[in-house]
Amino acid sequence: MRVSAPDPRAVREASLDELSRLGLPLPPSQFPLVWEPGDEIELRPTPEIEARIAVLHVILARCFGMPAQAAMSWLLESHLVDSVTPPEWQFVMGGRGDHRSFVLHHDALFSLAWVLGLAKELDPTVPVDERLVERMPHLVAGETFAQWRARILAAPQHPGDAAALLDLHYCLDWAYLETEKAGHALPGLVDANAIGQRRWALEWAVVLRGPYHDEPPGWEEVDLST
């Protein structure tokens, strides 16, 4: 569902209010808006987001001991191989790559779960909900991708709400990095790495349409440099 994007300045004002409430520094006045007036927004297709969640869940399972053969078999039987990026496939097959970076994807997974209505809220001060695993594919029990999709009955967020949360995390990402750099205390139990992962997922899931936006990036192409 493609809709008109909300007023970016009003959304940014709300994001800055939230940073102030959390006691975080505010970005400079020239900090870019995520979208422009007149742009449109939509979420990626639900099956595409479900596939990304399933892939990340398998990768996390590999991080915590799932055998490579079992992981590869599940992905193949689920017809999800095309949804696995080359770095992810190398990790699934042979454990090659930065193990810690894949573990951090737990927060990206949480963010995508929120997008599909599988998590109630995405509070920047609260760690991943421990009950999230119950909403993921039951790999050990042999639940298939199709069975999982039928069980969860995804209810995607409104694109405007997801875009507003993207703007908030864009600002939070800057604020958390600045706070950690200054050696100051963060407002909760979530660190800058987790906020960055949540932003990564939202940047990927929320599609912006307008004269200044490129085609939606692939998972590995999401730019978090600004």
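Predicted model: local features only at pLDDT ≥ 70, side-chain atom pairs only at ≥ 80, totals over all residues.
Visitor: Let's start with charges. What makes aspartate 167 and arginine 12 a salt bridge?

Guide: Their closest N and O atoms are 2.8 Å apart, and the cut-off is 4 Å. So the pair qualifies as a salt bridge. The two residues sit 155 residues apart, with aspartate 167 in helix H8 (residues 159-182) and arginine 12 in helix H1 (residues 8-21), and the pair links distant parts of the chain. Aspartate 167 and arginine 12 are both buried.

Visitor: How many salt bridges does a search of the whole structure find?

Guide: The search finds 15. Some are linked up: Arg2, Glu40, Glu42, Arg209 and Glu215 form a network of salt bridges.

Visitor: Why is lysine 181 called exposed?

Guide: Its relative accessible area is 66%, and exposed means over 50%, so lysine 181 gets that label.

Visitor: And why is glutamate 178 called partly exposed?

Guide: Glutamate 178 comes out at 29%. Buried needs under 20% and exposed needs over 50%, so 29% falls in between.

Visitor: How do you know that glutamate 203 counts as buried?

Guide: Glutamate 203 has 18% relative accessibility, and the line is drawn at under 20%, so glutamate 203 is buried by that rule. Glutamate 203 also forms a salt bridge with arginine 199, with the closest N and O atoms 2.9 Å apart. Both lie in helix H9, four residues apart, about one turn of the helix. Arginine 199 has a relative accessible area of 2%, so arginine 199 is buried as well.

Visitor: What makes E1 and strand E2 (residues 40-43) a pair?

Guide: They share two bridges, in the antiparallel sense, and the rule asks for at least two. So E1 and E2 count as paired. One of the contacts to look up is valine 3, whose bridge partner in E2 is isoleucine 41. Helix H9 (residues 192-205) packs on the sheet, touching E2 and E3, and its direction makes about 50° with that of E3.

Visitor: Why are strand E1 (3-4) and strand E3 (206-209) said to stand at the edges?

Guide: The open sheet has three strands in the order E1-E2-E3, with antiparallel pairing. E1 and E3 each have a single partner strand, so one side of each is left without a neighbour in the sheet.

Visitor: Last one: which residues have the most contacts inside the largest nonpolar core?

Guide: Ile53 and Leu112, in a core of 74 residues. Helix H2 (residues 46-63) supplies the largest share of this core, eleven residues. Beyond its neighbours within four places in sequence, isoleucine 53 is in contact with Leu109, Leu112, Ala113, Leu116, Leu118, Met136 and Trp148.

Terms used. Residues numbered from 1 in each chain as written. Heavy atoms only, no water. Core = buried A, V, L, I, M, F, W, Y, C linked by side-chain atoms within 4.5 Å. Buried < 20%, exposed > 50% of the residue type's maximum accessible area, 1.4 Å probe, protein only. Contact = heavy atoms within 4.5 Å. Axes fitted to C-alpha atoms, helices over the stretch in contact; angles between N-to-C directions. Salt bridge = Lys/Arg side-chain N within 4 Å of Asp/Glu carboxyl O.
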